[in-house]
Amino acid sequence: QVKLVESGGGLVQAGGSLRLSCAASGRTLRFYNMGWFRQAPGKEREFVAAISWSGDSTYYVDSVKGRFTISRDNAKNTIYLQMNSLKPEDTAVYYCSAHLKRWDTGLVMSKPSVYDYWGQGTQVTVSS
């Protein structure tokens, strides 16, 4: 069993930055591919970014490319999402997730159903 706990959310003005963290306990994350998703009120959960277990491969949704960066520190059992140039449309609850199967295409890794574990989420609010 893997427990994931997100932190780092908050209120920020448009154009600002936040760094989200996702700390794991229970098992090492070394062998898990990891993802970040977000969900705004009244909308479905949306893929944001994913990173392979080795850190060598990443995927991003088009709307965050060039602004967000996913990374991981396996020694700290933690993954990160650096968010720059934030926009009001980035406002959502952000969730991290863990995927134990083989690293796959971006289309597959963008589906919430392929992830095995989820955190409780952290709220990000971007004011205009």
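1. Strands (E, at least two residues) and helices (H or I, at least four) are DSSP runs, numbered from the N terminus. With that in hand, look at E1 and strand E3 (residues 18-25): five bridges join them, and they run antiparallel. Cys22 in E3 is the bridge partner of Glu6.

2. A word on what you're looking at. This is a predicted model, where local features need pLDDT of at least 70 and side-chain atom pairs count only at pLDDT 80 or more, while totals for chains, interfaces and linings use all residues. Residues are numbered from 1 along each chain as its sequence is written, and side-chain values use heavy atoms, with hydrogens and water left out.

3. Now the sheet. Four strands make an open sheet in the order E1-E3-E8-E7, with antiparallel pairing. E1 and E7 are the edge strands, each pairing on one side only. From one strand to the next, the twist averages 15° (axes are lines fitted to C-alpha atoms, for helices over the stretch in contact, and angles run from 0 to 180 degrees between N-to-C directions).

4. Back to E1, residues 3-7, where the side chains alternate.

5. Which residues touch the most other members of the largest nonpolar core? They are Leu4, Trp36, Leu81, Met83 and Tyr94, out of 30 residues in that core. E3, E4 (33-39), E5 (46-51), E7 (68-73), E8 (78-83), E9 (92-99) and E11 (122-127) each supply at least two of its residues. Another core lies apart from it, with seven residues, among them Phe47, Ala50, Met109 and Tyr115. A nonpolar core, by the way, is a set of buried Ala, Val, Leu, Ile, Met, Phe, Trp, Tyr and Cys residues joined through side-chain atoms within 4.5 Å.

6. On to the rings. Rings of Phe, Tyr and Trp (its six-membered ring) pair if their centres lie within 6.5 Å; planes under 30 degrees apart count as stacked, over 60 as edge-to-face and the rest as tilted. That rule gives six aromatic pairs. One of them is edge-to-face: Phe37 and Phe47, at 5.6 Å centre to centre with 70° between the planes. Phe37 sits in strand E4 and Phe47 in strand E5, so this pair ties together parts that are ten residues apart in sequence. Phe37 and Phe47 are both buried. Ring pairs also link Phe37, Phe47, Tyr115 and Trp118 into a cluster.

7. Arg45 lies over the face of Tyr95, 3.8 Å from the ring centre, and over the face of Trp118, at 4.8 Å. The test is that NZ of Lys or CZ of Arg is within 6 Å of the ring centre and within 35 degrees of the ring normal.

8. Finally, two loop residues. Asn77, in the loop between E7 and E8, has a positive phi of about 55° although it is not a glycine, and counts as buried at 14% relative accessibility. Ser85, in the loop between E8 and E9, also has a positive phi, near 50°, but is partly exposed, with a relative accessible area of 42%.

Definitions and conventions
Buried < 20%, exposed > 50% of the residue type's maximum accessible area, 1.4 Å probe, protein only. Pairing = 2+ DSSP bridges.
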